[in-house]
Amino acid sequence: MTNLAQWLAAQPVDPKLASVVATMAAASAEIAAVLRLAPIAGQTGLAGHTNVQGEAQKALDVISNDIVLNHIGENPAISILVSEELDEAVHFENQGGFMVATDPLDGSSNLDVNVTVGTIFSVLDAAGGLLQKGSAQLAAGYAAYGPATSLVLTFGQSVAVFTLDAAGQFVLTLDQVRVAVSSGEYAINTARERFWDAATKGYVDENVAGETGPAGKRYNMRWVGSMVADIHRILMRGGIFMYPLDSETVSKGGRLRLLYEANPMALIVEAAGGGATTGRERILELLPTGIHQRVPVILGSAEEVARVEGWYAKG
Ligand code: AHG
Ligand code: MN
Ligand code: MN
């Protein structure tokens, strides 16, 4: 069995970069432990304030953010932290060369119903500043807190999956993961149909028509409502995840955040052979304009992503 420390030591990367990933893994293991007992500890419900994006923070959003902050503060290789839950970037007084952008707890609307949530993170060279293209990411990962806690990591070339054991160690359980090129599953919040653009509606209508339509095969829809859980399913068995630009989110630029949701997931999915686009542009090529910028997100199996891009190319 290979554990995370052994695997990291074998990667052809700067040991300091590996230490940043190890720090986020340690934070994730602690968050997993807190989540498991949160209903007993009374750590449920709202925290009573809103974050910079006007969203009500849950107690566990704040607790998870504090856990990440504590772990990062102990690693002198990290000099900048961007978090969904912090209005401004945090700059640490050290010579560390790395920046971390994180969504400490993704899918928090699923917390009170005991459905999978996660932690997402992106690692960049701090010298590049806060607003770098996703293609500049040095590493990315997420933890999915489900029946098992999975940790998914990439340094941009391949994707490895670890599982948290009872002793709090991450054990390598899958390596060189590939996203199935084709799939019969799609994930989109269909309650938003009245806001959709023609491309989204065109693609989903084809899927709903199944074997009687131009797609020529039957589709199933799956939507967990935690991006981490939806992406993890796609990594394991293929599919496409869509949170496109629609008439309601257009003024904000989209729903999901570029630095700590779209970019890390795009790096992971592309490293596994899938596609990641706004519909019109590759997510990893977007130049951010703000640390909490939102973007349209369409990612997963290459053939499905290409079909959506084909719809966008029509108009
Ligand atoms: P967060 O909990 O960090 O705010 O993110 C939730 C995101 C993402 O996980 C999910 O795909 C999406 O919001 C769900 O959106 P709907 O509420 O429209 O279903
Ligand atoms: Mn999120
Ligand atoms: Mn979050």
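T154 counts as buried, at 1% relative accessibility; buried stands for under 20% relative accessible area, exposed for over 50% and partly exposed for what lies in between, with a 1.4 Å probe and protein chains only. This is a predicted model, in which local features need pLDDT of at least 70, side-chain atom pairs count only at pLDDT 80 or more, and totals for chains, interfaces and linings use all residues. Residues are numbered from 1 along each chain as its sequence is written, chains are lettered from A and ligands numbered from 1 in the order in which they are written, and side-chain values use heavy atoms, with hydrogens and water left out.

T154 belongs to strand β8, residues 149–154. (Strands are DSSP runs of E with at least two residues, numbered from the N terminus.) Leaving aside neighbours within four places in sequence, T154 is in contact (heavy atoms within 4.5 Å) with A139, A140, V159, L267, I268 and A271. The T154 side chain also reaches the backbone nitrogen of G156, at 2.8 Å.

Now turn to the loops and their backbone angles. Most residues other than glycine have a negative phi. N114 is not a glycine, yet has a positive phi of about 60°. You will find N114 in the loop between β5 (98–106) and β6 (117–125), where N114 is exposed with a relative accessible area of 74%.

Q176 is also not a glycine and has a positive phi, of about 55°. Look for Q176 in the loop between β10 (170–174) and β11 (185–187). Is Q176 buried or exposed? Q176 is exposed, its relative accessible area being 53%.

How values were computed:
A polar contact is a pair of N or O atoms within 3.5 Å; within protein, one must be able to donate a hydrogen and the other to accept it, and residues adjacent in sequence count only if both atoms are side-chain atoms.
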